[in-house]
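Dear colleague,

Please find below the structure that I am handing over to you, together with its sequence. My notes on what was found in it follow directly after.

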Amino acid sequence: MERASFTATFTIVSIIFVLVDYDVVSCLRFSDVPNTSHRTTMFLPLFPPKDTSFPSSPSQLSGRLLQKIPVNARMALHDDLLLNGYYTTRLWIGTPPQRFALIVDTGSTVTYVPCSTCEQCGKHQDPRFQPEMSSTYQPVKCNVDCTCDNEREQCIYERQYAEMSSSSGVLGEDIVSFGNQSELAPQRAVFGCENRETGDLYSQHADGIMGLGRGDLSIVDQLVEKHVISDSFSLCYGGMDFGGGAMVLGGIKPPADMVFTNSDPVRSPYYNIELKEIHVAGKALSLNPGVFDGNYGTVLDSGTTYAYLPEAAFAAFKSAVMKAVLSLKLIEGPDPNYKDICFSGAGSDISQLSKSFPPVDMVFSNGKKLSLSPENYLFRHSKVRGAYCLGIFQNGKDATTLLGGIIVRNTLVTYDRQHEMIGFWKTNCSELWDRLNLSPPPPPLPSGLDNANSTGNMNPTLVPSGSPGYNAPGEIKVGFITFYMSLSVNYSDLKPHMTELTHLIAQELDINFSQVNLMNISTGGNDSLIKWAIFPAGSANYMTNAAAMEIIHRLAENRVHLPDTFGSYKLFEWGIEPPPERTGWPQSYLFVVIALSVVLILGLSAFLGWLIWRRRQEPPLPYERVGSVETIVREQELQPLK
């Protein structure tokens, strides 16, 4: 689903949910503006759905308090908001686990993946889910609380989106695991098994959707109802320079300077915030505060790429920005079919954009303020170097304010559903774990404990392997993995982006940035050849077979995807190296240091004793009177010659 060209999962035409009775009475068109079809019409239910997961009062939330100490699932985000139109995370389903790349979407509830029985599904990043290959899969049987198939045997779901794509299938239940950074053990969960998909859902690279919205089918609601996480989750999207990011299912300790605003779950079925003012260059836009509370209010949606303001608010915002960038040149957008507002002359250094573009502040009803960097309301011009375009548009005649992912780039957003608040914290999302001072992921299990076929004893540190099809290592200790990457980019052009490339490789391989090391680079004409090495996480001397297998699967199956800015590329000649041999002395270095210290002390003592003994054996020097001729001559010999 190319989110760069539409705002998808927030916009629902019709929904048939199972295990939850969604009553969509009517639909309302969000925007229908000429020359903006790449930000297409959006649809929402006219009334909040009748869903037991929607608390009508704070007292209903008290029932969701955990009965034990909660943990969380820490997960990496991949891809890029504007290049791909979405962010994805990795989820494993079944026994043995089958891996999927799913678009994270706060505007959707159901999580679904293509099924092996799908009659009309596109070719996606990973193989389709095979229920028959999972020993723990169970279909959700037809019951009074769900919509059933024609045979009245199994529960079904159906979703349609404004860009005319759709997804439909059956509901099943299976073991879901969250990767090797997660503290949360694998859990049973209900998900959709697609039998048909159309439109952009059919052609997108990602496998499916991970629903984070409110509703009984939401993965968040299911985990909360099991009392395994607190009623909260967080997303952190990368910025212009680095895609990817991080996600946490469950609660985290909020940073001291995180800015919170109220989020009323009764206001709409989506995640609302109470926006009252927008300031540009320190000056408030001359608007009625009620402008941001029309229709569905101000909605935060991770599945929408850009931001959309009501007509009056957009006109005021556009005017204020254009007045603040008089030194820049107004140019046409990258696509003549769309009337984008673009400026050239700002330079290519993202860190310097604040010198050319004004700061923008969002002020909430409680007086708290979220400051936006230029990357939070601009996107790069794809044809003119150093040019940028406004990523905020008019929402047609609709009064709803819709804030997509661009607004929260390099911002940790915490959806604290238990306390009906949403928090914002500006940060570098590629370094989130370090900035939050969270402990590192659990150490990998020894290779002898790996058991990919046992779900009952599955440890969250065990990364499930992908599909076979080539020779992979057996039960050996893997010290590090090497591979070559050829790119159709000259080294002089590639050099400034090596850090970005390293980050991207780490994200695509689902490992830490520190594990990726550049071994060698050579150039030939307009091509570059790089040798990379992947080392174990932390201070480990080797990686588990399961972790090594996952990395090798991704390399061998060419599942590392880079932005077009790196040109065409190819991965080849991956190899496995054993851990470096350790000599005896590093393992007992303390003993060696102590022994050397003792030898040194004894040696010095012996040497000093010998000097004292020699001193005592020497005859006494002859006595000379002060002022004698011999003494004077000796002194004169020490004088410089004249």
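In this predicted model, four strands form an open, antiparallel sheet, arranged in the order E18-E17-E23-E24. Strands here are DSSP runs of E with at least two residues, helices are runs of H or I with at least four, and both are numbered from the N terminus. Two strands count as paired if DSSP finds at least two bridges between them. At the edges stand E18 (283-284) and E24, each of which pairs on one side only.

Strand E17 (residues 275-280) is joined to E18 by two bridges, and the two run antiparallel. His279 is the residue that stands opposite Ala284 in E18. The hairpin of E17 and E18 has two residues between the strands, and Ala281 takes a positive phi near 55 degrees there. Towards E23 (residues 360-364), E17 makes five bridges, again antiparallel. Glu277 has Val363 in E23 as its bridge partner. As background, strands of a sheet pair through backbone hydrogen bonds, in a parallel or an antiparallel manner.

Regarding conventions, residues are numbered from 1 along each chain as its sequence is written, side-chain values use heavy atoms, and hydrogens and water are left out. As the model is predicted, local features need pLDDT of at least 70 and side-chain atom pairs count only at pLDDT 80 or more, whereas totals for chains, interfaces and linings use all residues.

The chain as a whole

The chain contains 11 helices and 34 strands. Of its 642 residues, 52% count as buried, where buried means under 20% relative accessible area, exposed means over 50%, and partly exposed lies in between (1.4 Å probe, protein chains only). The chain exposes about 29,700 Å², of which carbon and sulfur atoms supply 55%; accessible areas come from the Shrake-Rupley method with a 1.4 Å probe, and for residues only the protein chains shown count as cover. Among contacts (heavy atoms within 4.5 Å) between residues at least 6 apart in sequence, 72% join residues at least 24 apart.

Aromatic rings

Rings of Phe, Tyr and Trp (its six-membered ring) are taken to pair if their centres lie within 6.5 Å; planes under 30 degrees apart count as stacked, over 60 as edge-to-face and the rest as tilted. By this rule the count comes to 17 aromatic pairs. One of them is the stacked pair of Phe233 and Tyr415, with 4.5 Å centre to centre and 10 degrees between the planes. Phe233 belongs to strand E13 (residues 232-237) and Tyr415 to strand E29 (residues 411-416), so this pair ties together parts that are 182 residues apart in sequence. Phe233 is buried at a relative accessible area of 0%, and Tyr415 is buried at 3%.

Phe317 and Tyr377 form an edge-to-face pair, with 5.9 Å centre to centre and 90 degrees between the planes. Phe317 lies in helix H4 (residues 311-324), while Tyr377 lies in the loop between strand E24 (369-372) and strand E25 (378-380), so the pair ties together parts that are 60 residues apart in sequence. Both Phe317 and Tyr377 are buried.

Ring pairs also link Phe100, Phe129, Tyr137 and Phe191 into a cluster.

Disulfides

The structure holds six disulfides, a disulfide being a pair of cysteine sulfur atoms within 2.5 Å. With the bonded cysteines numbered in sequence order, the pairing reads 1-8, 2-3, 4-6, 5-7, 9-12, 10-11.

Cys118 is joined to Cys121 (S to S 1.9 Å); this link is right-handed, with 85 degrees about the S-S bond, and both cysteines are buried. Cys142 is joined to Cys148 (S to S 1.9 Å). The torsion about the S-S bond of Cys142 and Cys148 is about 85 degrees, so that disulfide is right-handed. Cys142 is partly exposed, with a relative accessible area of 22%, whereas Cys148 is buried, with 11%. The sulfur atoms of Cys146 and Cys155 are 2.2 Å apart in their disulfide, which is left-handed with -75 degrees about the S-S bond. Cys146 is buried at a relative accessible area of 12%, and Cys155 is buried at 0%.

Yours sincerely
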